[in-house]
Amino acid sequence: MPAPMASPDGSRPATAADVDAICASLPETERTTSWGDAPTWKVPAGPKAKGFLLHRPPHKNATDPTTGEPYDDLLVITTPTEVEKRALVDDPATPFFTIDHFNGYSAVLVQRSRLGELTVDELREIITEAWATKAPKRLVADYFGAGER
């Protein structure tokens, strides 16, 4: 399978619908549930699947600083390392953040309502990196064309 290419409309603002579309377009993914009934995208499909994107339910450890209410529209997206996590969180041009609960865990949080601050291509890149972090190495190599000459 060739490496992903930018879509013709990849520069438009991302939407919540793009999250599932991007996840579903990646090889051997499945939408299932974890942590009770939280929708979760995993790879590879089946019993050995690992989550790379979670629709996080509201919880008191992730609250809106203005209202004090728990966020009700959070996504948790895996990052390859803490370095990439910090780069996303520390960049004021992105809507990503973290909370104490995720200290030491390579993942960022983003509100679905703020996805429009990213382009579809930016969101695709971040989700694809999350997928590649959890996918089997052979699947990643095949997807990015490492075996092609």
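# Report on a predicted model

Ser106 is in contact with Thr78, Thr79, Thr81, Glu82 and Lys85, when residues up to four places away in sequence are not counted. The model in which these contacts are found is a predicted one. Ser106 sits in the loop between H2 and S5. Its relative accessibility is 18%, and because buried means under 20%, Ser106 counts as buried. One of the residues it touches, Glu82, is also reached in another way: the side chain of Ser106 comes to 3.3 Å from the backbone nitrogen of Glu82.

## The sheet

Thr78, one of the contacts of Ser106, belongs to strand S4, which covers residues 74-78. This strand is part of an open sheet of 5 strands. Their order is S1-S2-S3-S4-S5, and the pairing is antiparallel. At the edges are strand S1 (30-34) and strand S5 (107-111), each of which pairs on one side only. From one strand to the next, the twist averages 30°.

Helix H1, made of residues 16-25, packs on this sheet. H1 touches S1, strand S2 (38-43), S3 and S4, and its direction makes about 170° with that of S3.

Strand S4 pairs with strand S3 (residues 50-56) in the antiparallel sense, over 4 bridges. Within this pairing, Leu54 has Val76 of S4 as its bridge partner, and His55 has Leu75 of S4. S4 is also joined to S5 by 5 bridges, and these two strands run antiparallel as well. Here Leu74 is bridged to Gln111 of S5.

Is S4 enclosed or open to the outside? Of its 5 residues, 5 are buried, so the strand is largely enclosed by the rest of the structure. In a regular strand, side chains alternate between the two faces of the sheet. In S4, Leu74, Val76 and Thr78 point one way, while Leu75 and Ile77 point the other way. The residues on both sides of S4 are all buried.

## Two loops

Glu28 is found in the loop between H1 and S1. Although Glu28 is not a glycine, its phi is positive, at about 55°. With a relative accessible area of 36%, Glu28 is partly exposed. Leaving aside neighbours within four places in sequence, Glu28 is in contact with Lys42, Val43, Pro44, Ala45, Arg138 and Leu139. His55, by comparison, is 27 residues from Glu28 in sequence and 19 Å from it in space, C-alpha to C-alpha.

Two of the contacts of Glu28, Val43 and Pro44, are joined by a peptide bond that is cis, with omega near -15°. Pro44 lies in the loop between S2 and S3.

Helix H3 (residues 120-134) has 15 residues. From its first C-alpha to its last, H3 reaches 21 Å, which is close to the 21 Å expected at 1.5 Å a residue. Which residues of H3 are buried? They are Val120, Leu123, Arg124, Ile126, Ile127, Thr128, Ala130 and Trp131. These buried residues pack against H1, S2, S3, S4, helix H2 (82-90) and H4.

Trp131, one of the buried residues of H3, also takes part in an aromatic cluster with Tyr143 and Phe144. The model has 4 aromatic pairs, and two of them are set out in the table.

| Aromatic pair | Centre to centre | Angle between planes | Arrangement |
|---|---|---|---|
| Trp131 and Tyr143 | 5.0 Å | 65° | edge-to-face |
| Tyr143 and Phe144 | 5.1 Å | 75° | edge-to-face |

Why does the Tyr143 and Phe144 pair count as edge-to-face? The planes of these two rings are at 75°, and planes over 60 degrees apart count as edge-to-face.

The pair of Trp131 and Tyr143 links distant parts of the chain. Trp131 is in H3, Tyr143 is in helix H4 (residues 137-143), and they are 12 residues apart. Both Trp131 and Tyr143 are buried, with Tyr143 at 7% relative accessibility. Phe144, the remaining member of the cluster, is partly exposed, and its relative accessible area is 38%.

Conventions. Residues are numbered from 1 along each chain as its sequence is written. This is a predicted model: local features need pLDDT of at least 70, side-chain atom pairs count only at pLDDT 80 or more; totals for chains, interfaces and linings use all residues. Side-chain values use heavy atoms; hydrogens and water are left out. Two strands pair if DSSP finds at least two bridges between them. Axes are lines fitted to C-alpha atoms, for helices over the stretch in contact, and angles run from 0 to 180 degrees between N-to-C directions. Contact means heavy atoms within 4.5 Å. Rings of Phe, Tyr and Trp (its six-membered ring) pair if their centres lie within 6.5 Å; planes under 30 degrees apart count as stacked, over 60 as edge-to-face and the rest as tilted. Buried means under 20% relative accessible area, exposed over 50%, partly exposed in between (1.4 Å probe, protein chains only). The expected span of a helix is 1.5 Å times one less than its number of residues. A polar contact is a pair of N or O atoms within 3.5 Å; within protein, one must be able to donate a hydrogen and the other to accept it, and residues adjacent in sequence count only if both atoms are side-chain atoms.
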